[in-house]
Amino acid sequence: MSSLTPASPELNCWLQTNDVLPTAFAERKALMPMWGAQMVPPTAWPAITQRIVSAPIKPSTLAYFHIPFCANRCVFCGFYRNAWQAEHGTPYVDRLIAELEFEASQRPAGGSINAVYFGGGTPTALSEADLCRLLAAVRRTLPLSDDCEITIEGRISHFSLAKAQACLAAGANRISIGVQSFDSQLRRRLGRQHSGEDAATYLRQLCEQTDAVIVADLMFGLPGQDDAKWTHDLDVALSLGLSGLDLYAFNCFPNLPINRMLEKGALPPLLDLATQCRHYAYAVRRLLAAGWTQLSNSHFASPSPNRYERNRYNQAIKSGQDCLAFGSGAGGCHAGYSYQVQGNLDDYLATPLEQKPIAFLAATSPQKQAFALIQGALEAGQFASALFAPYPVLLTQLHQWQQQGLLTIEQDQITLTIGGRFWAPTMIRELAQLITPPEETPCPTPTMSHPHSVASKKPHSLNA
Ligand SMILES: C[S@@+](CC[C@H](N)C(=O)[O-])C[C@H]1O[C@@H](n2cnc3c(N)ncnc32)[C@H](O)[C@@H]1O
Ligand code: SF4
């Protein structure tokens, strides 16, 4: 069920032609991360795993570390895997470092890693000592480039400013904090532990204390997040001195706890698609007017001169860059294979130290590799039409979308409109379906489609 919210004039006055195209598609749905991957039979896993862990690292490879713990389950989130208990941290980090050291012992020297991402779950739940020794192990065992982006993702709970500073001193240079909304009442209903004011104060102080890149995630389209709440979220986000902002459209997957609350009437109904489109367009217009740069459909960099936000990991992962994966539930791709590390925590911890705990393996088809470039281009929102020259069928589709106002084609340049940017996940999916896919294999735990963790999302292409 969805509610049709009347549009407020304050918000509507920001909008322009082709900013809001709610009827362009029936649903906003992303491509399965495993599209175009070809299942490897389990009997072949040991040999292929050995090939993966011993393959040389190419230049500009990524590394992802999954920390699958959360202090509580937020009702909107599909990334939750294991309840956090303080005594979990040290044995988990011990095993993670062992995984890192085992792979380092198998690989030839060389190559370079130019972005590292600690995602979750909640990496910031780990103790300061465990976070710092993990960062030290990463710097010791991986060939990090001099300008490597190193991101720690998390939330403000259990992440004091002193702990954040310790992570920066230990080598992290980017912190990404999930806020979702600054509205305290909405946050309480979503299962967030601090008020919106606490979140804003924390981020303001962190930005004042460091020149490192500080990024926040906001979600739009949450039940009860009306025009007033959304404009307030943007007002606050713009006032904090952040380096970057992610805007994620709420995806109401069937198995989320929030569905039970919606059924019982404990939350207002879901927002209609037109409101989601308007809220996205309004946010893009507000950020552009404030001098921010749109780096991808969901990510924005602030104009602040002393904070150089690159968003390198998130952009590269969406373009199919090789990524080494470590930790229970992490997903990666390397040496021509996509793989997932054992998501069952007990099985992960029990795996012998000289063995990579693999739970899923698939070969990357040439088609998937080629399509990743198209996917990355649509995520960026601007690209050369030459990219589509080998695919006349896709170019025809792009021309149809131009008629619908989803994009413009000028000379050799294709640019998504703001309305088109909202629909990019669906457009990517539709383009993929126009190319005959090789044997498609389902994601083992398809709760969310995140590029880097089994339980997700992100990975890769969850969001707007
Ligand atoms: C892997 S989660 C980690 C968040 C972090 N642990 C926290 O508590 O904020 C990264 C981001 O995914 C986004 N996200 C989570 N559930 C989502 C959903 N159902 N739809 C869209 N985005 C979602 C949120 O913005 C969140 O900050
Ligand atoms: S939002 Fe963060 S803390 Fe909450 S369940 Fe998701 S990953 Fe865990």
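**Exercise 1. Which residues of β8 lie on each side, and are they buried or exposed?**

Step 1. Sort the faces. One side of β8 carries Arg 174, Ser 176, Gly 178 and Gln 180; the other carries Ile 175, Ile 177 and Val 179. In a regular strand, side chains alternate between the two faces of the sheet.

Step 2. Apply the cut-offs. A residue is buried if 20 or more other C-beta atoms lie within 10 Å of its own, exposed if 12 or fewer, and partly exposed in between, with C-beta atoms placed from the backbone. Residues on both faces of β8 are all buried.

Step 3. Conclude. Seven of the seven residues of strand β8 (residues 174-180) are buried, so the strand is largely enclosed by the rest of the structure. Strands (E, at least two residues) and helices (H or I, at least four) are DSSP runs, numbered from the N terminus.

A note on the model: it is predicted, local features need pLDDT of at least 70, side-chain atom pairs count only at pLDDT 80 or more, and totals for chains, interfaces and linings use all residues. Residues are numbered from 1 along each chain as its sequence is written, while chains are lettered from A and ligands numbered from 1 in the order in which they are written.

**Exercise 2. Find the strands that pair with β8.**

Step 1. Take strand β7 (residues 144-154). It runs parallel to β8, joined by four bridges. Pairing requires at least two bridges found by DSSP between the strands. Here Glu 153 faces Ser 176 of β8 as its opposite residue.

Step 2. Take strand β9 (residues 213-220). Six bridges link it to β8, again in the parallel sense. Gln 180 stands opposite Leu 218 of β9.

**Exercise 3. Describe the surroundings of ligand 2.**

Step 1. Collect the neighbours. Near means that the C-beta atom, placed from the backbone, lies within 6 Å. The shell includes Cys 70, Cys 74, Cys 77, Arg 73, Arg 155 and, from β8, Gly 178.

Step 2. Classify them. Ala, Val, Leu, Ile, Met, Phe, Trp, Tyr, Cys and Pro count as nonpolar, Asp, Glu, Lys and Arg as charged, and the others, Gly among them, as polar. The shell holds five nonpolar, four polar and two charged residues.
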